[in-house]
Amino acid sequence: MLKILKSTTFLAIFASWLWSTAFVGVKIGLEYHSPLQFAGLRFFISGLLLLVFFGKPRVFLREIKKQPVFVLLIALLQIFLQYAFFYMGLDLVPSALGAMLIGASPLFIAVVAHFSLSNDRMTFWKMFSIAIGVLGIVVITLGRSKSEVRGEYEWLGILFLIMNNLFSGFSNVLIVKRSKGMPAWVLSGGSLMIGGLALFLVSLPVEGLASGPFPRDYYLALGWLSFLSAAAFTIWFSLIKRPGVKVSELNVWKFLIPVSGAILSWVLIAEEQPDWISVTGMLIIASSLVVLNLSNYWRSRRPRHHEK
């Protein structure tokens, strides 16, 4: 049982589930707080939580001092730029179109990995499984609402969301290349605090300072979002650093995020009910994961020929 809980597959699914729970929390938080400031506060608290949980401030500072530029770069790409473009993009496009672009992030990350990592090239079966997953996202999204582009600012929003996906890919590749020896909790904690602080400071002249008072639901949402970010990013960074794990294949599990998010909305929100289009999209996404895992299984079983 312990072997299963430590497996890459289980941890990738668990991290994806954690991220899928963010939709409800963000929706609650943004009722009382501006987007960039709320995100900055959430991520800064996430970094503090990791520091408190591991209780090793000297280790934290020592490891950060070894590679300060690397940690700053991950904070800039993974937290500050990615989430700044994420929120700005969502503000300019219809929600359905935004959901499709965000849901297609494994495709963009796979492309970045293909051109950046020599051992993570695109293969036919990998492309096929990612294409099926993107199709599932499209089916779910188009079944729920319209997504046509209506103006020039929406094209700018599309560009922002594509940049969001590319920044995620670049940060994943950087972690593979340069994070050796640095504990995952140090990298995630440092980048979350620095990136969160940067988002908060930028939000002040742009959005002003939200002073409250805030209701209990706001603090519950902020607390859960801070916890899930700390846990999910640490898990993800640790998986990226594992020998044999490929960035493109790991990120395919993120197709589960909209699936889990939809299921949670059906359970928690009275107005949300399952429909056949959403269920069909979920089955398509499930088939993409089956294809990817079967192709990996066949590849592992293929006899290796060594030179004599």
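Select Thr21 to start: setting aside neighbours within four places in sequence, Thr21 is in contact with Trp224, Leu228 and Leu264 (contact means heavy atoms within 4.5 Å). Before you click on, note that this is a predicted model, where local features need pLDDT of at least 70 and side-chain atom pairs count only at pLDDT 80 or more, while totals for chains, interfaces and linings use all residues. Residues are numbered from 1 along each chain as its sequence is written, and side-chain values use heavy atoms, with hydrogens and water left out.

**Stop 1: around Thr21.** Thr21 sits in the loop between α2 (8-20) and α3 (22-29); helices here are DSSP runs of H or I, at least four residues, numbered from the N terminus. Is Thr21 buried or exposed? Thr21 counts as buried, at 11% relative accessibility (buried is under 20% relative accessible area, exposed over 50%, partly exposed in between, with a 1.4 Å probe and protein chains only). Now show side chains: that of Thr21 makes a polar contact with that of Trp224, at 2.9 Å. Such a contact is a pair of N or O atoms within 3.5 Å; within protein, one must be able to donate a hydrogen and the other to accept it, and residues adjacent in sequence count only if both atoms are side-chain atoms.

**Stop 2: ring pairs.** Rings of Phe, Tyr and Trp (its six-membered ring) pair if their centres lie within 6.5 Å; planes under 30 degrees apart are stacked, over 60 edge-to-face, and the rest tilted. By this rule there are 23 aromatic pairs. Phe54 lies in helix α4 (residues 35-54) and Trp185 in helix α11 (residues 184-207), so the pair ties together parts 131 residues apart in sequence. Phe54 is partly exposed at 30%, while Trp185 is buried at 9%.

Then go back to Trp224, which forms a tilted pair with Phe227: 5.3 Å centre to centre, 40 degrees between the planes. Both lie in helix α12 (residues 216-240), 3 residues apart, about one turn of the helix. Trp224 is partly exposed at 33%, and Phe227 is partly exposed at 42%.

**Stop 3: a ring cluster.** Select Trp19, Phe43, Tyr83, Phe86, Tyr87, Phe233, Trp236 and Phe237 together: ring pairs link them into a cluster.

Notes. Helix = DSSP H or I, 4+ residues; strand = E, 2+ residues; numbered from the N terminus.
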